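Keep the structure open beside you as you read.

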Amino acid sequence: MKTINYLLKITSSTLIIFLLFSCQQEKKQVVQNQDIQQYLELTEDVSLEKLQINLKFWEDKLSANPTQFTYNVEIAAIENQLFSKTGKIEHLKKAEMLLNNAVERTGYKQSGYLRALARNYISQHQFKKSLDLLKVAEANGDKKQETIKMLFDVHLELGNNKIAEQYLSNIENKRSFDYLIRIAKWQDHEGNLDATIAYMEEALQGAKEKGYEGLITWCETNLADYYGHHGDIEKSYQFYLKTLKNDPANVYALKKIAWISFSHDKNINQAKEIITKIKQRYAGADIDLLAYQIALYDQKDINQNYNNYWTEVSKSSYGQMYNKYNFDILEANKEYNKAYELALVEVQNRPTAQSYSLLALAVAHKENPAKGLEIIKEKNVLKSYEPEVLLRVAKVYALNKEQALVKPLKKELLEAEFELGPVKTIEIEKL
């Protein structure tokens with residue numbers, strides 16, 4: 001008996017030590033200041049300077065030869081890159097104007113220009129406009145494989161899944177980089193995250209073998225995103241660091257590291273510091289949105305950050321780009337009529353499960369909860385695997401007092417805590 005009691009004591013002590021060690025492991029801070037400080041203090045952006053030099057070169061050529069509209073296309077490509085670099089929406093809109101000019105002057109016969117403009121519209125979330133242009137490019141027939149790839153992208157964004165799958169199957173080279181990144185996107189859409197990561201890793205390896213620096217960076221940031229969704233935060237962080245090593249001024253990677261500081265580490269001061277540094281060289285609404293989310297969680301400077309975001313995103317140039325984020329803000333602030341109007345616009349522009357989740361929640365608030373439930377069933381909203389969609393569905397269930405339906409969704413949503421962030425996690429816990 002003494003031996004048994006002794007063993008039990010050892011077992012209990014070991015269990016306590018194990019639990020304490022596990023908690024310490026869970027609380028480990030992923031983002032380390034020494035890893036990122038050199039990127040926060042960056043004073044020179046070589047790639048931005050090169051873009052500005054190239055822009056002046058082509059603008060001077062256009063000024064000397066105003067009838068050479070092909071120069072507009074060169075300038076538009078640079079303007080698109082400047083948008084990514086600086087976050088200034090004016091660059092994206094200028095590129096649109098220049099590409100429209102080239103498309104019209106070639107009578108919609110130059111498919112390369114059509115695809116370039118379609119790509120610009122995708123960045124602006126104007127997917128129907130993009131689709132119209134790609135249909136013309138498809139009919140033109142030149143470099144049709146390039147058009148087919150983009151038709152997959154746009155149909156998937158519009159929720160035309162069967163058509164998207166058909167275009168995916170029509171991509172001829174199933175080992176190409178362009179196919180691999182699209183089959184990865186398709187698997188993600190289908191909820192197969194392991195397969196998504198495997199295809200993206202294969203695409204990265206191919207880009208490395210061919211020495212395509214830009215594609216390597218693109219793959220690394222996407223893999224970082226996917227590993228974050230998968231719950232492997234350390235691996236996600238390491239991929240963002242790889243991106244910064246190759247491209248020290250990469251704002252996207254820094255912004256995502258700020259998210260890790262905020263959502264995983266709960267290191268609010270560190271996240272704020274990263275955002276402050278980013279804002280010195282970047283002016284997009286996305287960084288204002290992140291600052292606002294942190295303010296909501298921190299309960300400090302909420303109005304200031306709200307006004308900063310809303311002032312920026314209210315610029316007409318943004319169009320429909322931030323509708324789903326604006327909806328969530330309006331819904332949280334109980335501005336249900338405005339949220340409803342926004343949901344109607346989204347359903348019209350993009351009739352996907354995502355859009356119908358907006359409408360279902362808006363209708364549940366504005367009219368009655370039962371109508372919101374009907375939309376979820378009729379539009380098969382639960383076919384989506386996106387946590388933000390499932391959260392809106394859970395809210396509709398809660399408004400209908402369907403706790404039996406809320407419970408399994410709540411468990412699933414809490415597992416997506418990192419992806420949804422601390423503010424939405426608080427909402428989930430209250431369901």
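How many salt bridges does a search of the whole structure find? The search finds 28. Please keep in mind that this is a predicted model. The points below look at some of these salt bridges and then at the nonpolar cores.

1. Let us begin with a salt bridge between Glu 234 and Lys 28, whose side chains meet at 3.7 Å, N to O. This pair links distant parts of the chain, 206 residues apart: Glu 234 belongs to helix H13, while Lys 28 is in the loop between helix H1 (2-26) and H2. Glu 234 is partly exposed, with a relative accessible area of 29%, and Lys 28 is partly exposed too, at 47%.

2. Next, find Arg 350 and Glu 157, which form a salt bridge of 2.2 Å, N to O. Is Arg 350 buried or exposed? Arg 350 counts as buried because its relative accessibility is 19%, and the cut-off for buried is under 20%.

3. Glu 415 and Lys 411 make another salt bridge, their closest N and O atoms lying 3.4 Å apart. Both of these residues are exposed.

4. Salt bridges can also join into a network, as they do for Asp 45, Lys 85 and Asp 247.

5. Now to the nonpolar side chains. In soluble globular proteins, such side chains tend to be buried together. The largest nonpolar core in this model has 46 residues, and those touching the most other members are Ile 36, Met 200, Tyr 237, Ile 257, Ile 260 and Leu 290. Among the elements giving two or more residues to this core are helix H2 (33-40), helix H10 (177-189), helix H13 (233-246) and helix H16 (285-298). Which helix gives the largest share? That is H14, with eight residues.

6. Leaving aside neighbours within four places in sequence, Ile 257 is in contact with Val 31, Ile 36, Tyr 237, Tyr 240, Leu 241, Leu 244 and Ile 274.

7. Finally, look for a second, separate core of 42 residues. Its members include Leu 51, Leu 131, Ile 148 and Leu 156.

How values were computed
Residues are numbered from 1 along each chain as its sequence is written. This is a predicted model: local features need pLDDT of at least 70, side-chain atom pairs count only at pLDDT 80 or more; totals for chains, interfaces and linings use all residues. Side-chain values use heavy atoms; hydrogens and water are left out. A nonpolar core is a set of buried Ala, Val, Leu, Ile, Met, Phe, Trp, Tyr and Cys residues joined through side-chain atoms within 4.5 Å. Buried means under 20% relative accessible area, exposed over 50%, partly exposed in between (1.4 Å probe, protein chains only). Helices (H or I, at least four residues) and strands (E, at least two) are DSSP runs, numbered from the N terminus. Contact means heavy atoms within 4.5 Å. A salt bridge is a side-chain nitrogen of Lys or Arg within 4 Å of a carboxyl oxygen of Asp or Glu.
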